[in-house]
Amino acid sequence: MSMHDIVIIGGGLAGLTAANLLSKQGRQVLVIEKKRYPFHRVCGEYISNEVKHFLKKEGLFPHAIEVSNIDTFLLTSVKGKSVSMSLDLGGFGISRFVLDDFLYKKAIGNGTDFLVETQVEAVHFEKKEDRFCITLGNGKEISCKHVIGAFGKRSKVDKSLDRDFIKKRSPYIGVKYHIKTDFDKKTVALHNFEGGYCGINSIEDQKFNLCYLGSRDQLREAGNIEEMERQYLWKNPFLKEIWQNSEFLFERPEVINEINFSPKKPIESHIIMAGDAAGLITPLCGNGMAIAIHTGKLAAEAILNHKERSNIESSYTEAWVRNFKSRLWIGRNVQKLFGANIVSEFSVGLIRNSNFVARNIMKRTHGQPF
Ligand SMILES: Cc1cc2nc3c(=O)[nH]c(=O)nc-3n(C[C@H](O)[C@H](O)[C@H](O)COP(=O)(O)OP(=O)(O)OC[C@H]3O[C@@H](n4cnc5c(N)ncnc54)[C@H](O)[C@@H]3O)c2cc1C
């Protein structure tokens with residue numbers, strides 16, 4: 001059995017942020033990631049500017065890549081009514097293919113060890129030894145003092161821990177493309193359709209991300225993705241226009257299912273849960289990536305600032321609840337205003353008629369620079 005100080009399960013934004021910060025402070029860190037970098041993920045790839053200051057300060061901002069700067073929000077209803085507003089904080093666009101690979105290379109430079117193309121099957125906390133035992137897909141075992149669970153929305157580890165949310169099925173699927181199209185680079189748009197919503201925003205290299213949250217039932221009924229898009233998404237004239245007048249750059253889209261927004265716990269079986277593993281904010285809020293980066297920072301700080309396990313866990317829980325609990329709750333409830341005919345007309349009307357209310361909702365689902 002190999003021995004380590006800190007093991008991070010999952011090398012997405014939460015895991016890579018924590019790995020960079022801990023390694024920079026001389027801690028011995030191993031990240032276990034089931035895929036090989038670089039790779040695509042289903043994600044809208046619009047990052048709230050709340051992370052910019054932090055990434056720059058820590059030398060984790062990808063200066064060499066020309067990210068897009070986004071300052072305007074466009075919303076359209078199922079029937080194609082539209083409204084736009086300026087974004088207070090705004091954001092930038094960069095693909096996960098590029099950003100995660102950049103942070104991965106930074107982490108290697110900072111001294112993090114990686115096991116890629118390796119899946120964690122199970123984690124057990126052994127009380128007597130005050131250590132974790134991690135079982136890998138190849139049967140090998142790793143012993144370590146601390147575990148950060150940064151394995152995203154849904155993982156084998158959740159099953160092995162028998163977490164509550166894993167027992168419920170989710171009605172959502174996520175689909176992502178990269179496209180070339182004629183659209184304003186400074187705008188992030190959210191187009192509603194019956195059963196879901198679709199975002200579009202610019203990323204690097206003159207490309208755009210086109211990503212939607214759709215319905216599992218509609219996909220089953222339509223038989224395939226293409227047919228579902230024609231039957232449901234194209235009813236919104238903005239989406240039809242995008243599909244008919246864009247160059248699609250992937251051979252086939254990236255697709256995931258079982259996207260679950262149920263509440264989760266920030267500490268489970270002594271594992272410090274970061275990013276989506278602690279709770280996924282609804283994508284329409286456009287800041288799950290910022291939350292992942294922020295929780296990665298908080299997880300690293302909890303380990304760096306405290307010696308006793310109980311203090312690490314209580315300080316992290318307190319910070320997580322203070323920063324994210326109500327944002328995630330509001331996000332879940334705001335989602336009810338989207339993806340259906342009458343309510344999406346209502347939300348467009350709401351922004352048109354009460355910019356103040358719309359701004360307030362946006363503020364409450366977004367954080368401040370940290
Ligand atoms: C449709 C959709 C659109 C979205 N759009 C946006 C957006 O525009 N802006 C935004 O800010 N957020 C958006 N989000 C949310 C955002 O993608 C996530 O919040 C963010 O990726 C979370 O990062 P993470 O590090 O927690 O998890 P991830 O990025 O998912 O990383 C988890 C990693 O863990 C690995 N892993 C999992 N299980 C194991 C295992 N057992 N062993 C080893 N490795 C494992 C995975 O391979 C993965 O690399 C969107 C989400 C969806 C579903």
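## Terms and basis of the model

A polar contact is here a pair of N or O atoms within 3.5 Å, where, within protein, one atom must be able to donate a hydrogen and the other to accept it, and where residues adjacent in sequence count only if both atoms are side-chain atoms. The structure is a predicted model, in which local features need pLDDT of at least 70 and side-chain atom pairs count only at pLDDT 80 or more, while totals for chains, interfaces and linings use all residues. Residues are numbered from 1 along each chain as its sequence is written, and side-chain values use heavy atoms, with hydrogens and water left out.

## The annotated domain

The UniProt record, an unreviewed entry, places the feature "domain: FAD-binding" at residues 5–294; positions from UniProt are given in the numbering used here, feature names are shortened, and annotations may be inferred rather than shown by experiment. In the model, the end C-alpha atoms of residues 5–294 lie 22 Å apart, and the span is 23% helix and 35% strand. Helices (H or I, at least four residues) and strands (E, at least two) are DSSP runs, numbered from the N terminus.

## The ligand and its shell

The ligand has 36 residues around it, of which E33, Y46, R96, D276 and M289 come nearest; a residue is near a molecule or strand if one of its heavy atoms lies within 4 Å of it. The shell divides into 18 nonpolar, 12 polar and six charged residues, where Ala, Val, Leu, Ile, Met, Phe, Trp, Tyr, Cys and Pro count as nonpolar, Asp, Glu, Lys and Arg as charged, and the others, Gly among them, as polar. Helix 1 (13–24), strand 2 (29–33) and helix 8 (288–305) each supply at least two residues of this shell, and the largest share, three residues, comes from helix 8.

T187 and A189 are both in strand 11, which spans residues 187–193. T187 is buried, with a relative accessible area of 7%, and A189 is buried at 0%; buried means under 20% relative accessible area, exposed over 50%, and partly exposed in between (1.4 Å probe, protein chains only). The side chain of T187 makes a polar contact with the side chain of D184 at 2.7 Å. Not counting residues up to four places away in sequence, T187 touches I70, T72, L74, I200 and N201, and A189 touches L74, F183, C198, G199 and I200, where contact means heavy atoms within 4.5 Å. A189 and G11 are 178 residues apart in sequence, and their C-alpha atoms are 28 Å apart in space.

H178 lies in strand 10 (residues 172–180) and is buried, with a relative accessible area of 2%. The side chain of H178 makes a polar contact of 2.8 Å with the side chain of E45. Apart from neighbours within four places in sequence, the residues in contact with H178 include H40, S95, I203, F208 and E247.

## Backbone features in loops

The peptide bond from Y37 to P38 is cis, with omega near -10°, and P38 is found in the loop between strand 2 and strand 3 (46–48).

Positive phi values occur at E258, where phi is about 55° although the residue is not a glycine, and at H270, also not a glycine, where phi is near 70°.

## A position in helix 9

V321 has its place in helix 9 (residues 309–334) and counts as partly exposed, at 37% relative accessibility. The C-alpha atoms of V321 and P266 are separated by 8.3 Å, although these residues are 55 apart along the chain.
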